[in-house]
Amino acid sequence: MAEPTPDANVYYVPAQSRWPFAGSIAMLVTMVGVASWLNDAAWGKWTFLVGVAMLVATLFMWFGDVVRESVAGRYNRQVDGSFRMGMVWFIFSEVMFFGAFFGALFYTRTLGLPWLGGAGDGAMTNELLWQGYSAAWPTNGPGAIGGPFQTIPAWGLPLFNTLILLSSGVTLTIAHHALKAGRRGALLAWLAVTVVLGVAFLLLQGEEYLHAYRELNLTLGSGIYGSTFFMLTGFHGAHVLLGTIMLAVMWARAAKGHFTRDNHFAFEAAAWYWHFVDVVWLALFLFVYVL
């Protein structure tokens with residue numbers, strides 16, 4: 001028997017769920033683990049991995065409930081609007097997240113570093129604490145924290161990765177148009193290409209990190225440059241990983257016929273997120289690698 005069409009005037013209220021509580025515990029364990037790991041606690045790494053496993057399991061179960069409710073036809077346009085607004089605010093929070101790291105980078109380069117070099121109000125700081133220090137970017141600071149290092153040229157692997165992400169945005173858009181046109185085969189093909197491009201980006205970024213650590217002595221401990229470089233590129237890589245997983249799930253759902261021309265917001269949400277990741281990388285490539 002088919003599910004009844006939800007009343008457009010009645011807002012769907014889901015049953016009480018344990019997943020928000022479970023997710024909060026998982027995030028707490030994850031953050032305690034990563035903070036302890038960064039501070040060289042022996043148990044930090046394993047606590048972090050346990051927290052990540054808990055978080056993945058929680059999200060799998062939670063989103064499974066949502067998918068089942070959606071496929072059962074329990075959502076109306078009012079719920080769809082709430083989902084869209086929720087995704088908009090989520091992406092806005094991500095904009096603020098990266099804005100904080102870009103802000104730290106800009107503050108360091110345009111204000112903090114010149115002050116240490118004696119410019120403006122920093123003349124006495126330079127004279128009394130870091131006499132003779134010449135402010136120049138990139139730098140690991142007056143204390144040369146982490147020792148000498150080399151930077152990664154922008155026009156090598158970073159440029160190639162930029163082209164990969166830009167291409168993935170194009171293939172994803174083609175897949176979206178195929179979905180709206182009802183061409184399931186084209187949708188699956190172009191969405192698969194997008195997932196492959198996301199995996200390729202991650203593999204190449206991993207290669208870049210190994211090269212930085214092994215041959216350039218550029219690490220997270222290389223002063224202010226190393227910390228801002230790896231925090232920005234590392235968190236972006238984490239977002240690419242999440243986006244790739246989201247698109248892979250969308251591929252599986254599309255293969256099962258969960259989406260129609262007019263009802264496919266889950267796909268749209270994943271696409272919004274992926275395009276956001278693309279835009280962040282363009283800013284990152286410009287301000288971290290090029291300038």
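A: Helix 7 contributes four residues to the lining of the largest cavity, the most of any element. The model is a predicted one: local features need pLDDT of at least 70 and side-chain atom pairs count only at pLDDT 80 or more, while totals for chains, interfaces and linings use all residues. Residues are numbered from 1 along each chain as its sequence is written, and side-chain values use heavy atoms, with hydrogens and water left out.

A search of the whole structure turns up one cavity of 30 Å³ or more (a set of points on a 1 Å grid over the protein atoms alone where a 1.4 Å probe fits but cannot get out; lining residues have an atom within 4 Å of a point). The volume of the largest cavity is about 30 Å³ (the space filled by probe spheres set on the points, which are joined across faces, edges and corners). Its lining is made by Leu105, Arg109, Trp137, Tyr225, Thr228, Phe229, Leu232, Phe287 and Val288. Two or more lining residues come from each of helix 3 (77–116), helix 7 (223–255) and helix 8 (265–290) (helices are DSSP runs of H or I, at least four residues, numbered from the N terminus). By type, the lining of the largest cavity has seven nonpolar residues, one polar and one charged (Ala, Val, Leu, Ile, Met, Phe, Trp, Tyr, Cys and Pro are nonpolar, Asp, Glu, Lys and Arg charged, the others, Gly among them, polar).

The aromatic rings come next. The structure holds 25 aromatic pairs (ring centres within 6.5 Å, using the six-membered ring of Trp; planes under 30 degrees apart are stacked, over 60 edge-to-face, the rest tilted). In helix 3, Phe106 pairs with Phe287 of helix 8, so the contact ties together parts that are 181 residues apart in sequence. The Phe106 and Phe287 rings are 5.1 Å apart centre to centre with 80° between the planes, an edge-to-face pair. Phe287 is also one of the residues that line the largest cavity. With a relative accessibility of 28%, Phe287 counts as partly exposed (buried is under 20% relative accessible area, exposed over 50%, partly exposed in between, with a 1.4 Å probe and protein chains only). Phe106, at 35%, is likewise partly exposed.

Another pair is Phe97 with Phe98: the ring centres are 5.5 Å apart and the planes stand at 90°, so this pair is edge-to-face. Phe97 counts as partly exposed, at 28% relative accessibility, whereas Phe98 counts as buried, at 3%.

Ring pairs also build a cluster of Trp137, Phe149, Trp155, Phe201, Tyr209, Tyr213, Tyr225, Phe229, Phe230, Trp281, Phe285 and Tyr289. Among these cluster members, Trp137, Tyr225 and Phe229 line the largest cavity as well. Ala41 itself belongs to the loop between helix 1 (19–38) and helix 2 (44–71), and its relative accessibility of 23% makes it partly exposed.

Two further helices complete the account. Helix 5 (residues 157–180) has 24 residues and should span 34 Å at 1.5 Å a residue; its end C-alpha atoms are 35 Å apart, which agrees (the expected span is 1.5 Å times one less than the number of residues). Just after helix 5, Gly182 has a positive phi of about 75°. Leu187 is part of helix 6 (residues 184–215) and counts as buried, at 3% relative accessibility. From Leu187 to Glu208 the separation is 21 residues in sequence and 32 Å in space, C-alpha to C-alpha.

Technical notes
1 Å grid on protein atoms, 1.4 Å probe; cavity = no way out; pocket = protein on both sides within 12 Å on 5 of 7 lines; lining within 4 Å.
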